[in-house]
Amino acid sequence: AAPTGGFGYVGPGAGGLTGTGVLCMQLLGASKEQEVKLGLVWLEQATCKWDEAWTASPLYFWYYITQAKFHAGGETWNAWNKQFAPELVRNQIVLKGAGADGKDIGYWELPKSNGVQVKDHSTGLVYNTTLCCLMLEVYYRYLPTYKPPEEMEAEEAAEMSDDISIEVK
């Protein structure tokens, strides 16, 4: 990370990969490192406005920002959650009764910037819809392996305090 908190493709940068860099460090158990703290501060400038895309490849960046802020928790997460979730829900395109079973079908097109559809890593509806769904499901998809190391250690210690004995012959 740069001294300003930005992560780039091949080293410290202008910040394009800051959400990705912060998330990787969090998942590796380094969530208390200075780079993560600075990265989260840098990400405070990120916005999720469908018709005013914050950057090129907004879905890609919003996906990683969502993950990083979710793992950071607290007010960082609360502020982002209040912004991104309603924006995604509001911009889902729903075709009533269009499914073979008569159920609704929903998907997302790419966001816009100044009225022009932006480009992302893919321009396909499957890519767009997958990232939007994964962002909206962030609350439900993490296994215990993604808990902060301190929390996992506390749980393991509590489990080991049970009166269980194993006899080895």
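Is Glu87 buried or exposed? I looked this up in a predicted model. Glu87 is buried, at a relative accessible area of 12%.

**Glu87.** I placed Glu87 in helix H4, residues 74-90. Leaving aside neighbours within four places in sequence, I found Glu87 in contact with Cys48, Lys49, Trp50 and Asp51. Lys49 is 38 residues from Glu87 along the chain, and I noted 6.7 Å between their C-alpha atoms. The side chain of Glu87 also makes a polar contact of 2.5 Å with the side chain of Arg90.

**H1 and H2.** I then turned to helix H1 (residues 18-27) and helix H2 (residues 34-43), whose axes come within 9 Å and cross at roughly 145°. I recorded the crossing as left-handed. On the H1 side the contact is made by Thr18, Gly19, Val22, Met25 and Gln26, and on the H2 side by Glu35, Val36, Gly39, Leu40, Trp42 and Leu43. Sorted by class, these are 6 nonpolar, 4 polar and 1 charged residues.

**Aromatic pairs.** My search of the whole structure gave 9 aromatic pairs. Tyr60 and Tyr64 form an edge-to-face pair, with 5.3 Å centre to centre and 65° between the planes. Both sit in helix H3 (residues 58-72), 4 residues apart, so about one helical turn separates them. Tyr60 counts as buried at 19% relative accessibility; Tyr64 counts as partly exposed at 22%.

I noted Tyr139 and Tyr140 as another edge-to-face pair, 5.7 Å centre to centre with 70° between the planes. Tyr139 is partly exposed at 34%, whereas Tyr140 is exposed at 69%. I also found Tyr139 and Tyr140 in one aromatic cluster with Phe70, Trp77, Trp80 and Phe84.

Methods
Residues are numbered from 1 along each chain as its sequence is written. This is a predicted model: local features need pLDDT of at least 70, side-chain atom pairs count only at pLDDT 80 or more; totals for chains, interfaces and linings use all residues. Side-chain values use heavy atoms; hydrogens and water are left out. Axes are lines fitted to C-alpha atoms, for helices over the stretch in contact, and angles run from 0 to 180 degrees between N-to-C directions. Helices (H or I, at least four residues) and strands (E, at least two) are DSSP runs, numbered from the N terminus. A crossing is left-handed if the near helix is turned anticlockwise from the far one by less than a right angle, and right-handed if clockwise. Contact means heavy atoms within 4.5 Å. Ala, Val, Leu, Ile, Met, Phe, Trp, Tyr, Cys and Pro count as nonpolar, Asp, Glu, Lys and Arg as charged, and the others, Gly among them, as polar. Buried means under 20% relative accessible area, exposed over 50%, partly exposed in between (1.4 Å probe, protein chains only). A polar contact is a pair of N or O atoms within 3.5 Å; within protein, one must be able to donate a hydrogen and the other to accept it, and residues adjacent in sequence count only if both atoms are side-chain atoms. Rings of Phe, Tyr and Trp (its six-membered ring) pair if their centres lie within 6.5 Å; planes under 30 degrees apart count as stacked, over 60 as edge-to-face and the rest as tilted.
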